[in-house]
Amino acid sequence: MFTLALSDEERLIQETARRFARDRLLPGLRAHERARGVPPEVVREFAGLGLAGGEDLGAFVRALVLEELAAVDPGAALALDAPGLAQPLLDAAGLGAAAGRGVVIEDVEGRFHARDGRLAGEHPWVPADAIAVTAVLHPGCAFVVCEGWRLTPIAACGLEAAGASRLLLDDAPIAATLEDPRALARARAGIRTAVGALLVGAARGAHEYAMRYATERTAFGRPIAHHQALAFLIADLATAVDVARLAVWRAAAALDRGESGEWEAASALAEAAEQALLVGPSAVQILGGHGFMKDHPVEKWMRDIRTLASLAGGRDEAELAAAALAPEHEMGFARGR
Amino acid sequence: MIDLSIGRDLETWLDQVRRLGRDYLRPLGIEADRRHEPVPPDHPFFALAWRMGLGQPLGVEERSASGPRNGARRGVVLAEEMSYWDRGMSVAMPGLGLGGPPLLTMGTPEQKERFLAPFRDREQPHWAAFGMTEPGAGSDVAAIQTTARRDGDGWVLNGAKTFISNSMRADWIVVWATVDRAAGRAGHRAFIVERGTPGLEDMRYEHKMGLIAYESSSFTLRDCRVPVANLLGGERYYAERAGFKGAMKSFNATRPAIAAMAVGIARAAYDAARDFARAHYALDRPIPRYQRVREKLARMARKIEGGRLLCWRAAYLADVEQPNEIEASMAKAFAAGMAQEATGLAVEILGDAGVTADAYVEKLYRDVKAMDIVEGTGQIQRLVIARRLVGLPG
């Protein structure tokens, strides 16, 4: 019968990632934003833990790790997780781990064109200043390129610690093309699950911070958390984080069981984005004027969440994918499920 | 890694519930809705279901001494499936109902033996009921006004109870009363009031917007005399001032299952809307309205599955005997809210046909509203969560 507990090993990994985020990311939160990156020694230290995106961790453990990192800094999570979101496509294409950062572009507007083994096009934003691999997804295929781009640094709404650039592919040689529908679906599901986990983490960070603040800050003679308007909001935000996490866990578990995870991952990203986009601005609201100031990190998580929810096709593509599957979707208790 | 499989044992039960649901629960629920009357206790279906051993999924098992517990998990899955077919009928099912938890958690061995005895008769269906709510005391349980006065070898009860499920057909009702209105929760006592007790009067059906299939009744206690032996738990239980906690304990045990009922109703709405859309709309054609229909279906399914996961987590924690108060309230608050949205979306998907009385979805839209009210309103659930998370007083 169903069991919703982590194994001892999973708990240990979760705790390791949590401690790393607290000790190594939190103190440099604003510095990493300004530097548009995480110091190399911190990157090396994280790689030493064996928890980065290139490792064969499985989708579930990866979701646990990404949530923990993103609960402190989702931008840094992307910077540390190289090749990050591109890894499911590299795996599917048999390319192994990349030598650096990877980015994924869901080409929803048909900006990229492949001809004679080369890919050309441009994209207004990728969350990186330097990359080793770019993956471009189209509805029926995906292209992986390992060279031949130009990156122009830009300012982005959030995720500054990951960097931000406009990307131009100038007849870049295509390293691999992925056309197998099942492999592509699984890779996409892996990407969506990872983005979902980042959103859950950022939302949790924002919620926990705002909740703590609300118990310390007093107004009208009592902690603001003890005014029902905020107490109810805090309860709803806690539920929002939990339901999003469970959706992400379910998608990750489906992937680790070898299923396509298409429905679960599209739903998980849609849910995580919706809930995180509720939590981020609400956390700022709970802090009032202080929330709007950079003295507290909630404004950062709000911006980060908005930016994350656009990653790899974001919420729109996830919702459209789920909408395409919905008329055939069964929710009854099917045998063996 | 989490495991979301149902397990073979439960699949056999689910097969039974499915057959029962298709053949009886849904048709009877729809019929009751059209007639505006609960299904009567002498309906042959109840005797049939009782003989098959299919009591209410909420019926709390007597705890077994060994082996992993799975009662709460089984409870949420079966509650969802029963409510998928008809939530009104699932409450109308014979069994201990909400009367079960207080008897099983507070009752003395003699009381359990005596009051469970009728339920071991598998020939005739039996019901029990739980009487807390009063015309002037719903969520504010501590404010009940029904009085209990010790008189010789018995207790005398006076007051009024309302919205009590299955009470007219119950063998006995757990009636909550106070020995001291000024004492609040500490003054509460629970009594087993048996059918036919003189002074248990004015039994009448309440008329509801939905969930017509089961009876919600009101009654008056007018100098209603019950023997001392019917004080649930005996004097000592209350001497330890556990009265109110007893009531709350029973809410805790049932909340994830109530939430799962909302999930079941929403799932029924999803299936009805999806089947309607497939039959009446050419969803593959690029018509803007059809894209909206697809998006609504996807949203319904996603929210329903989210609600189910919250229920499952709360039930899992109960089975492994970890605190689940926050999780149970989250499940209840979320599931009831999302189920209202989902049934509303189902009405929209059917278009104008959705609001006609022969469209099943409008019944679900009426039925599901109760799920955000019974067993602690959505607001009470948020109070519970906030008390735990930020120490909200009260």
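This is a predicted model: local features need pLDDT of at least 70, side-chain atom pairs count only at pLDDT 80 or more; totals for chains, interfaces and linings use all residues.
1. Start with helix α1 of chain A, residues 8-25. At 1.5 Å a residue, its 18 residues should span 26 Å, and the end C-alpha atoms sit 25 Å apart, so the two values agree.

2. Which residues of α1(A) are buried? They are A:Ile13, A:Ala17, A:Phe20, A:Ala21 and A:Leu25. These cover an arc of only 100 degrees around the axis, and therefore lie on the same side of α1(A).

3. The buried residues of α1(A) pack against α2 (29-35), α3 (40-48), α4 (59-70) and α5 (74-80) of chain A. On the face turned away from the buried side you'll find the exposed residues A:Asp8, A:Arg11, A:Leu12, A:Glu15, A:Arg19 and A:Asp23.

4. Have a look at A:Tyr213 too, in helix α7 (residues 181-216) of chain A. Why does A:Tyr213 count as buried? Because A:Tyr213 has 20 C-beta neighbours inside 10 Å, and 20 or more is the cut-off for buried. Setting aside neighbours within four places in sequence, A:Tyr213 is in contact with A:Ile286 and A:Leu287. A:Ile286 is 73 residues away along the chain, yet its C-alpha atom is 8.2 Å from that of A:Tyr213.

5. Over in chain B, strands β2 (residues 147-151) and β3 (residues 154-165) run antiparallel and are joined by five bridges. They make a hairpin with two residues between the strands, and B:Gly152 in the turn has a positive phi of about 65 degrees.

6. β3(B) also pairs with β7 (residues 216-227) of chain B, again antiparallel, over nine bridges.

7. Last, the interface. How many residues of chain B are in contact with chain A? The count is 45, against 41 residues of chain A. On the chain B side, the elements giving two or more residues are α1 (8-35), α3 (71-92), α7 (243-280), α8 (288-319), α9 (325-349) and α11 (378-390). α8(B) gives the largest share, 14 residues. By class, this side of chain B has 27 nonpolar, five polar and 13 charged residues.

Conventions. Residues are numbered from 1 along each chain as its sequence is written. Chains are lettered from A and ligands numbered from 1 in the order in which they are written. Two strands pair if DSSP finds at least two bridges between them. Helices (H or I, at least four residues) and strands (E, at least two) are DSSP runs, numbered from the N terminus. Two residues are in contact if their C-beta atoms, placed from the backbone, lie within 7 Å. Ala, Val, Leu, Ile, Met, Phe, Trp, Tyr, Cys and Pro count as nonpolar, Asp, Glu, Lys and Arg as charged, and the others, Gly among them, as polar. A residue is buried if 20 or more other C-beta atoms lie within 10 Å of its own, exposed if 12 or fewer, and partly exposed in between; C-beta atoms are placed from the backbone. The expected span of a helix is 1.5 Å times one less than its number of residues. The arc is that of the directions from the helix axis to the C-beta atoms.
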